[in-house]
Amino acid sequence: SSGINAEYGGHTAEIVCVTFNSSSTLVATGSMDTMGKIWDVETGVEMASLQGHNAEIISIQFNSLGDKIVTGSFDNTVAIWDVETGHKISSLIGHRGEISNAVISYDDTLIGTGSMDKSCKVWDCRSGQCLETLYGHTDEVLDISFDHRGKQLLSVSADATARVFDVGSYKCLATFVGHEREISKGTFNPSGKRVATASSDKTVRIWDINSGKCLQTLEGHSDEVFSCQFNYSGDMLISGSKDNTCRLWKDANSGKLAGAL
């Protein structure tokens with residue numbers, strides 16, 4: 001059986017995003033009240049309050065070492081915080097629209113950001129310097145992610161396309177066209193050779209990065225699909241939809257449905 005281990009109360013508005021540190025000893029939360037908070041997992045005690053944004057926090061992530069947190073906000077900025085003290089280390093300023101997501105590469109060297117200003121940016125995690133601005137989308141960028149090696153960056157957009165950029169050269173390696181409505185979520189498979197995208201057109205698509213071709217369209221949801229994620233071995237994918245269901249796809253290449261949750 002399972003039950004509530006700890007309850008974290010302290011925010012004064014809706015909590016939008018949550019995350020664990022790598023050792024699962026701390027939880028971080030981001031809220032519409034413009035603050036982030038760090039909590040002890042076992043006791044539920046608030047360890048630090050992250051104050052400095054002027055609008056809601058919509059993304060929050062620990063780095064791999066667990067000593068820093070990155071937050072993205074609708075105030076158009078991204079902030080890097082010291083986990084132990086809760087003090088802001090730096091603000092990443094440059095986007096001209098609300099931040100949709102901010103992610104850290106797995107080696108903790110880079111931060112990627114997507115924005116409603118239709119662009120993505122890559123930042124140096126240590127200096128806070130913007131290394132490159134990535135253009136190409138014609139509408140808001142709704143999600144971004146690094147592959148597991150930190151060598152590629154995926155962006156998805158309200159323009160119904162997804163793009164993969166090489167992080168070293170910042171060249172666009174592939175543009176995926178085929179969805180009929182906006183794409184809200186994108187993710188790499190573990191090998192970094194394929195991408196899954198979830199769309200308001202009620203489908204998930206699997207794409208090959210080298211060819212840029214759609215390998216499979218996963219159909220079955222009756223409403224918008226908001227999220228998708230591969231498992232660690234890459235042979236299953238889960239999707240979540242506005243139709244109140246999750247669907248588990250066994251062997252994403254075949255499009256076979258393993259179960260609906």
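Apart from its neighbours within four places in sequence, isoleucine 38 is in contact with Leu26, Val27, Ala28, Val45, Glu46, Met47, Ala48, Leu50, Ile69 and Val83. The model in which these contacts are found is a predicted one.

As a general background, nonpolar side chains tend to be buried together in soluble globular proteins.

## Strand 7 and its two partners

On one side of the account stands strand 6. Strand 6 and strand 7 run antiparallel and are joined by 5 bridges. Within this pairing, glycine 72 has valine 78 of strand 7 as its bridge partner. The two strands form a hairpin with 4 residues between them, and asparagine 76 takes a positive phi near 75° there. Asparagine 76 lies in the loop between strand 6 (68-73) and strand 7 (78-82). The positive phi occurs although asparagine 76 is not a glycine. With a relative accessible area of 23%, asparagine 76 is partly exposed.

Strand 7 is also joined to strand 8 (residues 88-92), by 4 bridges, and these two strands run antiparallel. Here isoleucine 80 stands opposite serine 90 in strand 8. Strand 7 and strand 8 form a hairpin as well, with 5 residues between them. In its turn, glycine 86 has a positive phi of about 80°.

Serine 24 is found in the loop between strand 1 (15-20) and strand 2 (26-31). Its relative accessible area is 41%, so serine 24 is partly exposed.

## Aromatic pairs

How many aromatic pairs does a search of the whole structure find? The search finds 2. Such a pair of rings is described by the distance of the centres and the angle of the planes. The table gives these values.

| Ring pair | Centre to centre | Angle between planes | Arrangement |
|---|---|---|---|
| Tyrosine 8 and tryptophan 39 | 5.5 Å | 35° | tilted |
| Phenylalanine 176 and tryptophan 207 | 5.1 Å | 20° | stacked |

Tyrosine 8 and tryptophan 39 link distant parts of the chain, 31 residues apart. Tyrosine 8 is in the segment before strand 1, and tryptophan 39 is in strand 3 (residues 36-40). Tyrosine 8 counts as partly exposed because its relative accessibility is 26%, whereas tryptophan 39, at 2%, counts as buried.

Why is the pair of phenylalanine 176 and tryptophan 207 stacked? The planes of the two rings stand at 20°, and planes under 30 degrees apart count as stacked. Phenylalanine 176 lies in strand 16 (residues 172-177) and tryptophan 207 in strand 19 (residues 204-208), so the pair ties together parts that are 31 residues apart in sequence. Phenylalanine 176 counts as buried at 0% relative accessibility, and tryptophan 207 counts as buried at 1%.

Leucine 153 stands opposite phenylalanine 165 in strand 15.

Is histidine 137 buried or exposed? Histidine 137 counts as buried, because its relative accessibility is 8% and the limit for burial is under 20%. This residue is found in the loop between strand 12 (130-134) and strand 13 (141-146). The side chain of histidine 137 makes polar contacts with the side chain of serine 155, at 2.8 Å, and with the side chain of threonine 161, at 3.3 Å. Leaving aside neighbours within four places in sequence, the residues in contact with histidine 137 include Lys118, Val156, Asp159 and Arg163.

Methods
Residues numbered from 1 in each chain as written. Predicted model: local features only at pLDDT ≥ 70, side-chain atom pairs only at ≥ 80, totals over all residues. Heavy atoms only, no water. Buried < 20%, exposed > 50% of the residue type's maximum accessible area, 1.4 Å probe, protein only. Polar contact = N/O pair within 3.5 Å; in protein donor to acceptor, adjacent residues only side chain to side chain. Contact = heavy atoms within 4.5 Å. Pairing = 2+ DSSP bridges. Phe/Tyr/Trp six-rings, centres within 6.5 Å; stacked < 30°, edge-to-face > 60°.
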